[in-house]
Structures are given as C-alpha cells and as structure tokens.
Amino acid sequence: MTPNNGRFTALQRALHWLMAICILAMLFIGVGMVSTVRPGYLSLVSIHKPLGIVILVLALIRLVVRLTRGAPPLPASMPEPMKLAAHLSHLAFYLLMIGLPLLGWGMLSAADYPVVVFGIHLPSILPHSNGLHTVLWNLHRALALCFFALIVLHLAAALLHALVRRDGVFEAMAPWRSGRERRASGDR
Amino acid sequence: MADTPTSSSSAVRSLVLIAIVVVALVAAFAFTAGWLTPGRLTPSKIVNGLAPPGGPVLGFRRNHAKGICFTGSFESNGAAVALSKAPMFAPGSYAVTGRFNLATPDPKAQDPMVRVRGLSLRIVAPGGSEWRTAMIDAPFFPVATPKAFYGLLQASAKTNDPDAMKNFAAAHPELGHFGAWAGSAPWTASYAQEQYNSLNSFVFTNAEGQDQTVRWSFVPAAKPEAVSPDQLKARGADFLAADITQRVQGGPQNWALVVTVANPGDPTADPSKAWPEDRRKVEAGTLVVKAIEPEADGPCRDLNFDPTVLPSGMHVSDDPFPAARSAAYSVSFNRRTAEDKDYPRHPAGGATP
C-alpha cells in the first residue's frame, strides 16, 4: 500500500498537521512557563504535561503508519545532499517527537513528582535520583530548543519547495490539493 | 506534477517571504521565552534574589536551607470530607514525609538568629495521590504579591543604601505588620511548640462539587512556652534539631490540622492579611511525627515541597503566591539537584553541622 499520486495518505497528512499544531504549541508553552511566576504558570504546566502525552501517543501511531504506508519518493530533480538532509530530518523528527515526552515523564519521575494527566496517576518510569533528574532535565531543555530550530528549518524548506522549487514536495503533505496539482493529475 | 519555472524576481520575492516567516516565528518564540523582555519577573530572578551576599550555598535549598527530616502519619478523622473530596480526608491513616526548617538561605545559620520556622509535608494516599504543603509559623506573609516579595528581596540586598528598605516599607505598609509580629511575638525553643500556617488560600471542592476557599494551620499539641531571645542564644547553633530529635525519641509529637473557611469578601488573594478569628474552623485530623532523620541522608532532602502538588478536591485560589512559589521552588530544586556533589551527604565525613 504505497501513497498514491506522490502524496502522503490522508491519515498521514491529518496526523502531520494536527501534530504540527500540538508540537509548536508545546514548545511555546514550554519556554513560556519556565520564564514566568504569574498564575498562568500553573495553567501552562497543566497543559504541557497532558499535551506531551498526547504527542507521544500520536507520534507512536504516526510511526506505525509511516512504517506500514511509507512515504512518497522525493522528486528526482532534488540534489542528493538535499535528499539526505530530508531523510535525516525526518529521522530526527521521529526521535524528538517520541523522545521529548519520554524525557519529560522520566525527569518528573526522577524528581519524585506525581505525574497526573487527565486525572490519571501515571506510573513513575524511573527511580528517584538527583543525577538522573539533572541529566534528563538538561536533555529535555536542550533537545526542545533543537526541536524548535529543526521546525524552523523544516518550515523554511517546505516553503522553499512550495514557492521556489515548486517540485511537488510541499503538495505531498499539504492538507489540500492545489489547482496546479489537480491539473497535473488530470482529475478535473 | 510538472515543474513550473519561476522568474528570478518572483524567486527573490519568495525568498524574502520565507525569511520574514522565519524571523517572525523565531521572534515570537524568543518573546515567549522572555529573551526580549529582560524586565519580566522570572522564577530564576526570585531564586537569585534569595541568595545571600556571598552567593548561594551549593547543593542546598535556596531558601529554608537548614532543616531536618521526619516521617510519620496523618490520622484523618473524616471531618473535612464535607469540605474536600481529597482522598487523605477520608477517615484513615496516611503516610507523611516532612521537614522542619528555618527560613534562611544559610544551612549553617544559628538557630537562635532565625525568626521564621517552617514545616513542609507530603501526605500520600493509597493510589499515589499526594498533598504537598510548605508552611511557616508567621500568622501572615510580609507582602501581598510575588512582585512585592521580589522587591523586598532587592531592597534588603541593598545594604549600602539605607533608604532602599525605608522606601520599600513606605510603599508596602503590610511589611510593618509583619515587622510588628516579628518584634513582639514570643519565641519558643522547639519546632514542636510552633503553629504552622498555610498563609496562602486554596479552594477545596467536596464530592457534591461545592467550592470553599480555605487556609489551614497545623496547631501543636505541645503547649508553647515563651523563651526570650537571650535565653535562646545560650542554647547553641543547632538546638532545634537536637530538641525535636530528643522529643520524638521520647514519643510521637502531634499537631491538629485546622482548616479555616473564608467568608464571602475575605481577602483570599492576599496572604499578608489574616482572616478574622471568628471564621468557621474544621479540625480534620492529626499529624503524628514518629521518627526524625538528619537531612543529609533523610527522605525529605530530595523532595520539592511544591505547594501546588494537590490531590483532587483541592486547587489553587486567586492567591497569586502558590503559582510563583511552584515556579521558584522548581528552579531551586533543579539547581540543587544538579549540585549533588556539593552537598555534604555524610555528616561524619564532611563539614556539615
């Protein structure tokens, strides 16, 4: 079952855009909450934790879909280094989407905080340890900043494909079908 | 999917557009993170402000740095079930990890020199639900808002500017009430004789979904005995730890948990204002302190007594302090746990008191 017409499947596109909103919101909430003492701090923390779990679940679903449905091939016109960069960035995205929520959960466990999301007390996934907490906290922060940088690059690359190269790469993940693409696929 | 050739001028326009999108996104992120607004009151600033002139003592809590751990239980009598559906209010016995402490950033402070004493608790219900609280023995807080607290830290750090404190006190009259309490309230010679107060208000929700704004206190079973500051100074630097250790060895020490319910119109958002004495009070149970353990290897050392770790049936009120405390405690916790190697774990081998 390969994606047809050089596009990701509807499920893959839906997951991509839903997660794009969740992850971007997550990163803004993360840097916003650690830099304020206002009452909004608690609201942001109370969104950050369950949203992290939602992203983890969505990322695991998406990984399964990607492994079973694959991805449309990149256009032959793309230079090899660009293709390599695209593949590596996708790998990094999957590692971060799955890794960051686990680091956050692990960090709270290592600090012996109760982890409660949607009213459910999640189990502690690591022992209480200052050393573990410090390593995981530093990783959570550093990788979150890397994640944001990667998203900025990803967005710039997507717009470059859409506006300058016009090679169909953006359309492969676009939530809609462009007129140009409909013409190209002949279903008018 | 034929490539559509683009003219070089439209490509330039597109590249400019992409650059604008990227810059806007990065700028929004930087603004959200506070990197463009150095004036924002961040938890790091508050924690930095707590440090003594010589800098913070690495590995220790950034405030209330001197303390001693204990374990025990909360024996709930069920009376507070009408106020909150928190699982630890159902009749029964619940495990407690706690810490008696002194409000000072110096873990080697002299006990007789520290005016404010504290009690931190973690009460755990079966299923893992937790109630954490950190209280002090003052009857109200020195200032009304977290911003004013930061102002107080800044003013008191300006030791070379005698006007700094004077100006702050003039602008914050509530500080005078606190000064009057600190100057006139009797001192005791034991953690066991102190009443510890939440000061902050919280909202309790019962099983019927009814909300009540409350504060709480742990009222000692031991009768407070006033001791003059001069008598205290004769007792030595660490007399509080020695006293509580000895008392608990002789038998469990008890406090009654008294929940005070606000009347409509009471100042729930301002911990510098005590509520009138006639407010409805519910005695919810007894804190029983059963075993004292030195902090160095004790169970309280690596816990963050974040007052916003609350069970279902409790949540924060319009009081702005718990959020600010949670944010600042987290920074203090992250810093001290990263400085693990600086904490002298084994009193016998190190230079700890």
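Residues are numbered from 1 along each chain as its sequence is written, and chains are lettered from A and ligands numbered from 1 in the order in which they are written. Because the model is predicted, local features need pLDDT of at least 70, side-chain atom pairs count only at pLDDT 80 or more, and totals for chains, interfaces and linings use all residues.

Student: Over which residues of chain B is the pLDDT below 50?

Tutor: The pLDDT is the predictor's confidence in each residue, from 0 to 100. Chain B averages 95, and 96% of the residues score at least 70. One stretch has eight contacts beyond near neighbours in sequence (two residues are in contact if their C-beta atoms, placed from the backbone, lie within 7 Å), yet its pLDDT is below 50. That stretch is residues 348-353.

Student: What pattern does chain A follow along the sequence?

Tutor: Helices (H or I, at least four residues) and strands (E, at least two) are DSSP runs, numbered from the N terminus. Chain A has six helices and two strands, and its C-alpha trace spans about 60 × 30 × 30 Å along the principal axes. Read along the sequence, the pattern is α-α-α-β-β-α-α-α.

Student: What percentage of the residues of chain B count as buried?

Tutor: A residue is buried if 20 or more other C-beta atoms lie within 10 Å of its own, exposed if 12 or fewer, and partly exposed in between, with C-beta atoms placed from the backbone. Chain B has eight helices and ten strands, and its C-alpha trace spans about 90 × 55 × 45 Å along the principal axes. In chain A, 24% of the 188 residues count as buried. For the 353 residues of chain B, the value is 42%.

Student: Which helix gives the largest share of the side of chain B that touches chain A?

Tutor: In the interface, 46 residues of chain B are in contact with 37 residues of chain A. On the chain B side, α1, α2 (43-50) and α8 (321-338) each supply at least two residues. The largest share, eleven residues, comes from α1(B).

Student: How many charged residues are on the side of chain B that touches chain A?

Tutor: Ala, Val, Leu, Ile, Met, Phe, Trp, Tyr, Cys and Pro count as nonpolar, Asp, Glu, Lys and Arg as charged, and the others, Gly among them, as polar. By these classes, this side of chain B has 26 nonpolar and 15 polar residues. The charged residues number five.

Student: Is α4(A) roughly parallel or antiparallel to α1(B)?

Tutor: Axes are lines fitted to C-alpha atoms, for helices over the stretch in contact, and angles run from 0 to 180 degrees between N-to-C directions. Helix α4 (residues 130-165) of chain A and helix α1 (residues 8-32) of chain B pack at about 160°, with axes 10 Å apart. Angles under 35 degrees count as roughly parallel, over 145 as roughly antiparallel, 65 to 115 as roughly perpendicular and the rest as oblique. Therefore α4(A) is, relative to α1(B), roughly antiparallel.

Student: How many nonpolar residues are in the contact of α4(A) with α1(B)?

Tutor: The contributors from α4(A) include A:Phe148, A:Val152 and A:Leu159, and those from α1(B) include B:Ser14, B:Ile18 and B:Phe29. By class, the contact has one polar and no charged residues. The nonpolar residues number 17.

Student: In which hand does α1(A) pass α2(A)?

Tutor: Helix α1 (residues 10-33) and helix α2 (residues 40-69) of chain A pack at about 150°, with axes 9 Å apart, so α1(A) is roughly antiparallel to α2(A). A crossing is left-handed if the near helix is turned anticlockwise from the far one by less than a right angle, and right-handed if clockwise. The crossing of α1(A) with α2(A) is left-handed.

Student: Why is A:Leu150 classed as partly exposed?

Tutor: A:Leu150 is placed in helix α4 of chain A. Leaving aside neighbours within four places in sequence, A:Leu150 is in contact with A:Ser89, A:Ala92 and A:Phe93. A:Leu150 is partly exposed because the number of other C-beta atoms within 10 Å is 15.
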